[in-house]
Amino acid sequence: MSDLAARPADPVVGTPMRHESAALHVTGAAAYTDDLAARRRDVLTAWPVQSEHAHARFALDVAGALGIPGVVRVLTADDVPGRNDAGVKDDEPLFPSEAMFHGHALAWVLGETAEAARLGAAAVAVEYEPLPSIITVPEAIEAGAFQGIPRTIRRGDPDGALASAPHVFEGVSEVGGQEHFSLETHASLAHVDSEGQVFVDCSTQHPSETQEIVAHVLGLPSNRVTVQCLRMGGGFGGKEMQPHGFAAIAALGAVLTGRPVRLRLNRTQDLTMTGKRHPFHLEWKAGFDDDGRILALATTLTSDGGWCLDLSEPVMGRALCHVDNAYWIPNFVAHGRVAKTNKTSQTAFRGFGGPQGMFVIEDILGRVAPVLGIDAATLRRRNFYEPGQTTPYGQVVRHAERLQDIWRRVIEESDFDARRITIAEFNRTHPDTKRALAITPVKFGISFTLTAYNQAGALVHVYKDGSVLINHGGTEMGQGLHTKMLQVAATSLGVDPTSVRLAPTRTDKVPNTSATAASSSTDLNGGAVKHACEQIRAHLATVAGRLLGIDGRDVRFARGRVTGLGPSVPSLAFAEVVTAAYEARVPLWAAGFYRTDGLHWDTEAMQGSPFKYFSYGAAATEVEVDGFTGATRTLRVDIVHDVGDSLSPLIDVGQIEGGYVQGAGWLTLEELRWDTGDGPGRGRLLTQSASTYKLPSFSEMPETFNVGLFERATEDGVVYGSKAVGEPPLMLAFSAREAIREAVAAFGPHGHSVGLASPATPEAVFRAIRDAQRAAEAIDADALALADAELVPAER
């Protein structure tokens with residue numbers, strides 16, 4: 001086992017520990033970005049002037065706004081001293097010359113109060129010249145409206161295999177987007193200090209990139225801009241790229257007025273101005289042999305990128321790498337392209353394209369299983385990767401046997417087979433209500449596909465009293481990253497967790513950080529924190545060896561005590577050793593660094609090994625469907641998930657539960673709707689609030705929710721043998737959708753293939769039920785006609 005993965009005796013990692021800010025969260029004492037504004041004087045508020053058209057040229061007259069009491073300034077493109085761009089692709093102007101989506105911010109008003117700024121924005125006169133707009137992906141496909149570079153992954157001879165396959169199916173699937181709906185909306189607070197430094201508090205998952213964007217908008221070097229992220233009230237990927245422009249507006253306002261500027265979107269602004277999970281349009285053709293083994297798959301994935309690229313290209317790249325999910329497909333081709341539409345620029349969301357890619361194969365298997373006459377669970381299991389096999393992009397599927405082990409454990413612990421017999425009896429006696437139990441797997445690659453992002457830094461201080469302060473490059477959005485870093489540091493230094501504190505993430509403490517994304521933050525920042533702590537511990541071991549009269553290599557650190565090997569060696573308090581080290585002029589701080597080894601990826605060829613490892617899991621979900629309304633009730637969920645050797649079991653179980661529920665929301669509840677008509681509201685988001693956008697709540701939680709961690713699963717080469725947990729559990733929710741599909745099928749004839757819209761809302765489920773019932777009625781009618789035909793000769 002590598003030194004990085006090895007654990008000492010009595011480690012703090014692996015023990016259940018509550019979130020380090022849990023008490024602050026539940027008491028309301030936790031401070032977020034916008035809370036800091038209330039502690040400052042003379043703060044101005046920024047308010048957007050939003051477009052009323054999906055696509056239009058426009059002209060602004062700001063005179064009316066300047067006449068509103070309390071309005072200080074209106075920011076327009078003419079005020080930008082640097083580059084008028086809020087992104088990294090030079091296609092995202094901070095102040096646009098054309099309105100590119102309904103709700104696009106055309107200018108920003110700074111006011112003494114939020115009300116003054118709001119009234120000022122309403123007083124800005126905007127003259128529009130409407131232009132043609134594209135709202136849906138089919139419209140974009142028809143118009144040839146694409147952006148970015150299309151990509152393809154290919155293996156074998158899919159055309160030849162499809163031509164000779166005994167069973168060939170083809171179709172079109174669509175999967176909807178999803179709103180992040182973080183409890184904390186986008187927020188930034190900027191001021192200029194006495195030395196001319198621009199300081200921005202920002203709710204961002206990527207402080208270093210926020211720093212870069214603010215700097216280039218202001219025309220400053222990065223060392224003149226500092227970005228801090230105290231904590232976020234949720235991010236889910238929506239705060240990886242999208243905060244940059246809002247931070248730049250606040251910073252620009254602060255520079256021009258000399259006063260602090262806050263920008264916090266209200267809920268409607270957050271919904272209408274920011275990106276969502278990419279909707280995908282999926283064309284596919286799949287071939288199977290008589291035993292149900294996949295012979296070939298050809299598919300084209302088209303994502304709705306919105307008005308500019310944002311992260312659409314890497315999202316598509318990851319989607320293409322996850323079309324296979326857990327299944328061996330010997331002949332494979334997947335094309336990916338990004339549509340350009342007049343909607344918000346869609347962005348990162350938990351899973352980062354992986355869920356949309358997996359949707360292809362899971363939808364295919366769910367649809368074709370009844371036609372092949374093979375149980376869907378059996379069909380899935382029959383096509384699992386075997387050890388030694390590789391993905392379509394050429395990476396060996398290491399630990400493929402874990403898929404089998406996890407699958408068997410879920411089957412056993414959920415009492416899968418016996419419950420299915422019970423469900424069949426229930427369905428036989430309940431004509432208007434049906435139940436089903438489905439199981440699906442997950443194989444998800446962990447690492448950034450942009451190899452340069454797979455690095456991290458940390459700065460660790462040990463003070464003379466033995467207390468420890470950690471700065472690392474990851475951001476805390478409620479997922480427990482800080483808690484895990486606290487446990488890593490406490491384990492590595494051998495101190496009590498209560499003596500460790502996490503500092504807010506700041507670009508002047510740890511530079512050039514990667515985004516807290518791709519489920520890699522624990523791996524990356526944990527490796528960097530451990531590296532820094534090991535340097536300090538090595539210095540302290542030398543000092544402790546002299547104090548204890550032993551070789552420094554025999555010194556051991558654990559739970560705040562320092563001792564040596566053997567029962568007779570005395571021990572010292574950690575603080576005593578630290579004091580002695582200070583007096584001996586031994587350094588008590590260190591900078592740590594970590595880079596993920598073993599990665600290589602050719603973006604042009606879409607071949608290589610882009611992932612450090614795969615996370616595996618499986619979920620079995622039982623649902624009940626009402627035949628009169630299409631309403632679905634989740635009765636029970638059983639999950640086994642592979643997190644390696646868990647750093648923090650309580651945090652990991654919470655992440656698995658939350659990921660599953662968020663995934664179930666995406667697949668069964670959350671429906672984004674835009675006005676696609678030709679009227680004046682074309683392109684307007686219709687689901688602008690919690691009253692029109694359905695989120696999972698307590699009523700959607702399963703009545704029984706069992707989550708188990710896969711045991712004896714040390715991942716060598718990763719900090720303390722752990723694995724990522726943030727994104728992979730979201731895709732366990734495919735089991736909920738597949739259970740709904742099977743429950744709907746129970747309303748129809750044997751062998752009926754259910755096409756189910758996504759999200760599978762009650763309306764969509766009801767439509768699928770009626771299709772199944774009509775199929776049953778048609779068979780009954782045919783049988784009756786046949787019986788009548790056979791009866792006539794007998795009567796004669």
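A residue is termed buried when its relative accessible area is under 20%, exposed when it is over 50%, and partly exposed in between, as computed with a 1.4 Å probe on protein chains only. The structure described here is a predicted model, in which local features need pLDDT of at least 70 and side-chain atom pairs count only at pLDDT 80 or more, whereas totals for chains, interfaces and linings use all residues. Residues are numbered from 1 along each chain as its sequence is written, and side-chain values use heavy atoms, with hydrogens and water left out.

Side chains of opposite charge can pair when their charged atoms come close. By this criterion the structure holds 49 salt bridges. Among them is the pair formed by Asp638 and Arg419, whose closest N and O atoms are 3.5 Å apart. This pair links distant parts of the chain, with Asp638 in strand β28 (residues 632-641) and Arg419 in helix α13 (residues 416-429), 219 residues apart. Helices (H or I, at least four residues) and strands (E, at least two) are here DSSP runs, numbered from the N terminus. Arg419 has a relative accessibility of 11% and therefore counts as buried; Asp638, at 5%, is likewise buried.

A further salt bridge joins Lys723 to Glu715, with 3.8 Å between the closest N and O atoms, and both Lys723 and Glu715 are buried. The salt bridge between the side chains of Asp90 and Arg83 has an N to O distance of 2.6 Å. Asp90 counts as exposed because its relative accessibility is 58%, while Arg83, at 39%, counts as partly exposed.

Salt bridges also link Glu362, Asp363, Arg367, Arg380, Arg737, Glu738 and Arg741 in a network. Two packed helices are described by the angle between their axes and the distance between the axes. The axes are lines fitted to C-alpha atoms, for helices over the stretch in contact, and the angles run from 0 to 180 degrees between N-to-C directions. Helix α10 (residues 354-372) packs against helix α18 (residues 734-745) at an angle of about 25°, the axes being 11 Å apart. Angles under 35 degrees count as roughly parallel, over 145 as roughly antiparallel, 65 to 115 as roughly perpendicular and the rest as oblique. Helices α10 and α18 are therefore roughly parallel to each other. Their crossing is right-handed, a term that applies if the near helix is turned clockwise from the far one by less than a right angle, with anticlockwise giving a left-handed crossing.

In the contact (heavy atoms within 4.5 Å), helix α10 contributes Pro355, Met358, Phe359, Glu362, Asp363, Gly366 and Arg367, and helix α18 contributes Phe734, Arg737, Glu738 and Arg741. The residues of this contact of α10 with α18 comprise 4 nonpolar, 1 polar and 6 charged. In this classification Ala, Val, Leu, Ile, Met, Phe, Trp, Tyr, Cys and Pro count as nonpolar, Asp, Glu, Lys and Arg as charged, and the others, Gly among them, as polar.

Leu540, Val543, Ala544 and Leu547 of α15 meet Phe574, Val577, Val578, Ala580 and Ala581 of α16. The contact of α15 with α16 has 9 nonpolar residues, with no polar and no charged ones.

Individual buried positions were also considered. His186 lies in the loop between β8 (167-175) and β9 (187-192) and is buried, with a relative accessible area of 5%.

Backbone geometry was considered last. Most residues other than glycine have a negative phi, and most peptide bonds are trans. The peptide bond from Ser758 to Pro759 is cis, with omega near 10°, and Pro759 is located in the loop between α18 and α19. Asp42, although not a glycine, has a positive phi of about 60°; Asp42 is in the loop between α1 (22-27) and β1 (44-50). Asp415, also not a glycine, has a positive phi of about 55° and is partly exposed, with a relative accessible area of 43%.

Key. Salt bridge = Lys/Arg side-chain N within 4 Å of Asp/Glu carboxyl O.
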